[in-house]
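Hi,

Here is the structure I promised to pass on. Have a look first, and then read my notes below.

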Amino acid sequence: MPPPPEEEAQPKTDQTSERDTTPPPPPTPQSQPPQSQTYPPVYGFPGYPQAPYPNYPNAPYNHQQYAYAQAPPASYYGSSYTPQQNPVYQRPAPPAFFRGILTGLIFLVVFVCVSTTMAWLFLRPQIPVFYVTNFSVSNFNLTEPVLSAQWTANLTVENPNTKLTGYFDRIQGFIYNQNPVGDEDYLAMAYFQPVFVETKKSVSVGETLIAGQKGQRKVPGWVEEEMKKERDIGTVTFSLWMAVSVTFKTDGWSARERELKVFCGKLKVPFEGGSGNGVVLLPKPLPCLVYV
């Protein structure tokens, strides 16, 4: 076999070194590796920045809350949003006619109060005075089923006022044993005659109060027992209680009617022997207590 040509017999070291020293060409764009894709940050979770809201004054959530944890505030919807409210009914102002009537009534009440106060300061009304001048008992009997007796009371009514006259249109008298305890404990009841007393004057009044008449109420048993004990000693104590209605008058002015309570107590009646007659020994008129 013939030997290869001379050119082919040369060593290949030159070609290898020349290939190694030549830099490789830059890769084509298609051969470059793909770049990593970036995603926008998630807002509303812990550790992430707060989402910007350029159109609103305040963000609906902060970085310490989870998304949709609570409803956004009213400012989230914009300043132009106004929540619906229930209509408020406004009462119309009262007409001038009613205001005038109300003002007139107030003025009238104030005028009456002031005039009454001024009249009282000018007239100085004083409470009348009552005295017992005579008190006697007849036909006093405790042995019958019903108490029977007659009490005669004479009093003097004095008007100490200098500008006011007094009209005593109702004087109701009650006889009690000792001090009155209840409304049903009285022994007898009667009405005195109405009297009219001038200024700085006094008038005498008197009446007989009877117990034991037909149709009258029965005296409580315990009251009779107390009077029997006193009767055995010889002296029985009675008291006179009166409900008085009086009206003071003067020229051009009349005061309102007043109710008085008059109490004349410690009327000790001595009885001689077995008779039922007795008289209170009064060396001088006995004053009574008057309550307004």
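Where does Lys 200 lie? Lys 200 sits in the loop between strand E5 (195–197) and strand E6 (202–211). Helices (H or I, at least four residues) and strands (E, at least two) are DSSP runs, numbered from the N terminus.

Before going on, a word on the source: this is a predicted model, where local features need pLDDT of at least 70, side-chain atom pairs count only at pLDDT 80 or more, and totals for chains, interfaces and linings use all residues. Residues are numbered from 1 along each chain as its sequence is written, and side-chain values use heavy atoms, with hydrogens and water left out.

Back to Lys 200: its phi is near 55 degrees, a positive value in a residue other than glycine. Lys 200 is also exposed, at 55% relative accessible area. (Buried means under 20% relative accessible area, exposed over 50%, partly exposed in between, with a 1.4 Å probe and protein chains only.)

Asn 139, in strand E1 (residues 129–141), has a positive phi too, near 55 degrees. Asn 139 is one of the residues that Ser 148 touches, where contact means heavy atoms within 4.5 Å. Ser 148 belongs to strand E2 (residues 148–158) and counts as buried because its relative accessibility is 16%.

Now the disulfide (a pair of cysteine sulfur atoms within 2.5 Å). There is one in the structure, joining Cys 264 to Cys 288 with an S to S distance of 1.9 Å. Cys 264 is in strand E8 (residues 253–270), while Cys 288 is in the loop between strand E10 (286–287) and strand E11 (289–291), 24 residues apart. Both cysteines are buried.

Cheers

Conventions. Lists of a residue's contacts leave out its neighbours within four places in sequence.
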